[in-house]
Amino acid sequence: MSTRASSSRREMDLSVFFFFSFLLTLTAFVEAAGRGVNNDNNKNGGLGASFIFGDSLVDAGNNNYLPTLSRANMKPNGIDFKASGGNPTGRFTNGRTIGDIVGEELGSANYAIPFLAPNATGKALLAGVNYASGGGGIMNATGRIFVNRLGMDVQVDFFNTTRKQFDELLGKEKAKEYISKKSIFSITIGANDFLNNYLFPLLSIGTRLTQTPDNFIDDMIDHLRDQLTRLYQLDARKFVIGNVGPIGCIPYQKTINQLNENECVDLANKLANQYNVRLQSLLEDLNKKLPGAMFVHANVYDLVMELITNYEKYALSYCVGFKTATKACCGNGGQFAGIIPCGPTSSMCEERDKYVFWDPYHPSEAANVIIAKQFLYGDINVISPVNLSKLRDI
């Protein structure tokens with residue numbers, strides 16, 4: 001081969017090398033932009049860890065490891081969850097939970113790992129840990145119909161274990177800074193205390209005879225105060241707490257009470273509102289009494305009620321709104337498919353992104369995206385005193 005031919009071949013090889021290097025760099029940049037990395041809102045390098053507490057609205061798979069009747073580790077749950085290739089993970093929805101979406105938007109490297117998962121060890125903990133459990137509540141008696149579940153007291157106990165693991169991973173000083181300054185503690189709990197405790201037929205008879213609604217809500221608030229204070233004592237400083245949504249409007253409640261499409265169960269929503277007023281006062285009090293802490297109040301009730309009432313105006317793509325905020329996409333029984341939870345034998349809608357509710361109890365991923373974006377970037381009518389994008393950077 002001539003010297004000129006060899007030189008041309010080397011030049012061609014180098015051109016091909018630099019071309020593919022450019023493509024790889026461009027692809028990495030686009031992917032990073034899509035995940036919200038290195039943008040103007042991420043000036044502190046993204047979220048440290050996301051610690052998620054709550055019930056089935058944010059459970060990422062803890063109940064898979066419990067002998068419980070409250071599970072979502074069967075198809076078609078997770079059918080739109082890209083990270084698992086559409087396989088069920090234990091999330092009670094067709095895709096991502098609100099906690100997943102918020103973590104992504106705030107720059108978290110990975111989804112918060114379920115505390116009970118076998119791989120919840122070592123550096124996997126640094127992106128965050130999910131303690132939420134389907135059927136769990138503020139009160140320890142809540143959800144006993146499911147046999148097993150993790151109540152909020154147990155979830156805080158589990159965080160105490162994680163807190164010690166962070167000391168071992170990072171050293172005490174760095175661990176304290178990472179948890180208090182770079183991490184967010186998200187609490188989504190309370191609905192089961194009504195649905196699967198105070199309002200549940202048969203199981204609630206004793207409670208409702210001995211406690212008025214005000215007394216029961218007093219107990220809830222007292223327990224939650226203690227639980228949040230315990231987290232504060234373990235160096236949690238940035239909190240977001242969701243109030244209870246319009247539980248009287250979920251497909252399950254509409255179905256068992258034989259309501260019309262535009263009706264909701266008054267008592268359930270009334271109890272939720274009573275609790276929500278007390279919750280807001282609690283968070284305001286904790287902001288005054290616990291130095292250095294920020295307790296953010298997420299107004300789930302009004303946001304979801306707006307979504308249910310005006311579902312047709314919301315759109316994720318092509319300006320097409322939801323088709324229904326009444327019927328479950330996946331479920332069986334009654335007018336609104338609201339009695340039997342989603343499972344292999346359930347009927348399932350074809351246009352999953354057009355349903356506000358995935359199953360008789362839980363929002364679809366499409367609804368979760370709208371809710372999460374409001375918490376991330378919304379105004380004080382939705383989340384106060386700051387939204388989550390600002391809370392991260394405080």
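Q: Which residue in β11 is the bridge partner of Ala-298?
A: Ile-383 in β11 is the bridge partner of Ala-298. Residues are numbered from 1 along each chain as its sequence is written, and side-chain values use heavy atoms, with hydrogens and water left out.

Q: How many bridges join β5 to β4 and to β6?
A: Strand β4 (residues 184-188) pairs with β5 over four bridges, in the parallel sense. Between β5 and strand β6 (residues 294-298) there are five bridges, again parallel. On the β6 side, Ile-241 has His-297 as its bridge partner.

Q: What makes β2 and β11 the edge strands?
A: The open sheet has seven strands in the order β2-β3-β1-β4-β5-β6-β11, with mixed pairing. β2 (113-114) and β11 (383-384) each pair on one side only.

Q: Why is Phe-53 called buried?
A: Buried means under 20% relative accessible area, exposed over 50%, and partly exposed in between (1.4 Å probe, protein chains only). Phe-53 has a relative accessible area of 0%, so it counts as buried. The residue belongs to strand β1 (residues 50-54).

Q: Which residues does Phe-53 touch, beyond those up to four places away in sequence?
A: Contact means heavy atoms within 4.5 Å. The partners of Phe-53 include Tyr-131, Met-152, Gln-155, Phe-159, Ile-187 and Leu-231. Gln-155 is 102 residues from Phe-53 along the chain, yet their C-alpha atoms are separated by 6.8 Å.

Q: How do you know which strand residues of β5 are covered, and which way they point?
A: Five of the five residues of β5 (238-242) are buried. Lys-238, Val-240 and Gly-242 point one way, and Phe-239 and Ile-241 the other way. In a regular strand the side chains alternate between the two faces of the sheet.

Q: What span does helix α7 reach, and what span is expected?
A: The expected span is 1.5 Å times one less than the number of residues. Helix α7 (residues 213-233) has 21 residues and reaches 30 Å from its first C-alpha to its last, close to the expected 30 Å.

Q: Why are the buried residues of α7 placed on the same side?
A: The buried residues of α7 are Phe-216, Ile-217, Met-220, Ile-221, Leu-224, Gln-227, Leu-228, Leu-231 and Tyr-232. They cover an arc of only 145° around the axis, which puts them on the same side of α7. That arc is taken over the directions from the helix axis to the C-beta atoms. Asp-226 and Gln-233, on the other side of α7, are exposed.

Q: Which residues have the most contacts inside the largest nonpolar core?
A: A nonpolar core is a set of buried Ala, Val, Leu, Ile, Met, Phe, Trp, Tyr and Cys residues joined through side-chain atoms within 4.5 Å. The largest has 91 residues, and those with the most contacts inside it are Phe-51, Ile-187, Phe-194, Leu-228, Phe-239, Tyr-275 and Phe-375. Apart from its neighbours within four places in sequence, Tyr-275 is in contact with residues including Ile-217, Met-220, Ile-221 and Leu-224. A second, separate core of six residues includes Cys-329, Cys-330, Cys-342 and Trp-358.

Q: Why does Asp-235 count as buried, and what is its phi?
A: Asp-235 counts as buried because its relative accessibility is 13%. Its phi is positive, about 85°, although Asp-235 is not a glycine. Asp-235 lies in the loop between α7 and β5. Most residues other than glycine have a negative phi, and most peptide bonds are trans.

Q: What is omega for the cis bond from Ser-384 to Pro-385?
A: Omega is near 5° for this bond. Pro-385 is in the loop between β11 and α12 (388-393).

Q: What is the pLDDT over residues 1-44, and what is the average for the chain?
A: The protein chain averages 88, and 85% of the residues score at least 70. Over residues 1-44 the pLDDT is below 50. Where pLDDT is low, the predicted coordinates should not be read in detail.

Key: Predicted model: local features only at pLDDT ≥ 70, side-chain atom pairs only at ≥ 80, totals over all residues. Helix = DSSP H or I, 4+ residues; strand = E, 2+ residues; numbered from the N terminus. pLDDT = per-residue confidence, 0-100. Pairing = 2+ DSSP bridges.
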